[in-house]
Amino acid sequence: MNRNDSFREFVAAHQQSLMRTAYLLTGDAHQAEDLLQSVLLKVLGRWPKHVDNPQAYARRALVNQYISWRRRLTRSELPSAKPPERSYSSEESTVVRLAVRQALAQLPPRQRAVIILRYYEDLTEQETAKLLKCSLGTVKSQAHHALARLRALAPELAPKFSDLEFLGEAPR
């Protein structure tokens with residue numbers, strides 16, 4: 001199997017998972033596609049010699065690229081604090097998901113990355129720390145501050161946070 005075939009197989013097997021991570025990081029489908037495309041180009045450049053764990057490498061590259069993009073944004077490009085009113089489905093779970101996504105969008109990039117990796121991607125604290133190249137204490141601290149911020153940003157959802165296992169601890 002040649003280099004391009006093995007890379008195609010990797011992309012076919014992991015594209016959906018990587019796209020979900022990119023979408024959760026960016027909060028926008030088009031930006032997520034751009035982010036994933038730029039990261040896959042970088043992964044292809046190092047394929048396969050320098051990539052021991054391709055999925056972890058690609059996920060780490062997504063987080064790094066996202067944080068890099070966020071640093072470059074100018075003030076005029078930041079989303080507004082109050083998004084326009086949208087019509088939501090009457091299904092409660094859809095409303096909850098949208099509210100959580102909006103609250104996630106207001107977190108700083110590192111906190112958002114920790115929440116997504118820990119609770120959406122279901123990585124352990126150790127795996128998250130390794131992926132973000134930081135200490136276990138940093139992951140715990142970032143998760144704690146992010147969860148507190150999420151509760152403050154969406155207090156109406158605090159009772160639901162215990163039902164949504166992705167937010168870890170129950171509200172106080």
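Helix H6 (residues 125–132) and helix H7 (residues 136–153) of this predicted model pack at an angle of about 105°, their axes lying 8 Å apart, where axes are lines fitted to C-alpha atoms over the stretch in contact and angles run from 0 to 180 degrees between N-to-C directions. The two helices, H6 and H7, are therefore roughly perpendicular (65 to 115 degrees). In this packing, Glu-125, Gln-126, Thr-128 and Ala-129 of H6 meet Leu-136, Val-139 and Lys-140 of H7, contact being heavy atoms within 4.5 Å. The residues of this contact comprise 3 nonpolar, 2 polar and 2 charged.

Helix H5 (residues 109–120) has 12 residues and spans 15 Å from its first C-alpha to its last, close to the 16 Å expected at 1.5 Å a residue. Of its 12 residues, 9 are buried (under 20% relative accessible area, 1.4 Å probe, protein chains only), among them Arg-112, Arg-118 and Tyr-119. Asp-122, with a positive phi near 60°, follows H5.

The structure holds 1 aromatic pair, for which ring centres must lie within 6.5 Å.

Local features need pLDDT of at least 70 and side-chain atom pairs count only at pLDDT 80 or more, whereas totals for chains, interfaces and linings use all residues. Residues are numbered from 1 along each chain as its sequence is written, and side-chain values use heavy atoms, with hydrogens and water left out.

Terms used:
Helix = DSSP H or I, 4+ residues; strand = E, 2+ residues; numbered from the N terminus. Expected span 1.5 Å × (residues − 1). Buried < 20%, exposed > 50% of the residue type's maximum accessible area, 1.4 Å probe, protein only. Parallel < 35°, antiparallel > 145°, perpendicular 65-115°, else oblique. Nonpolar A, V, L, I, M, F, W, Y, C, P; charged D, E, K, R; others polar. Phe/Tyr/Trp six-rings, centres within 6.5 Å; stacked < 30°, edge-to-face > 60°.
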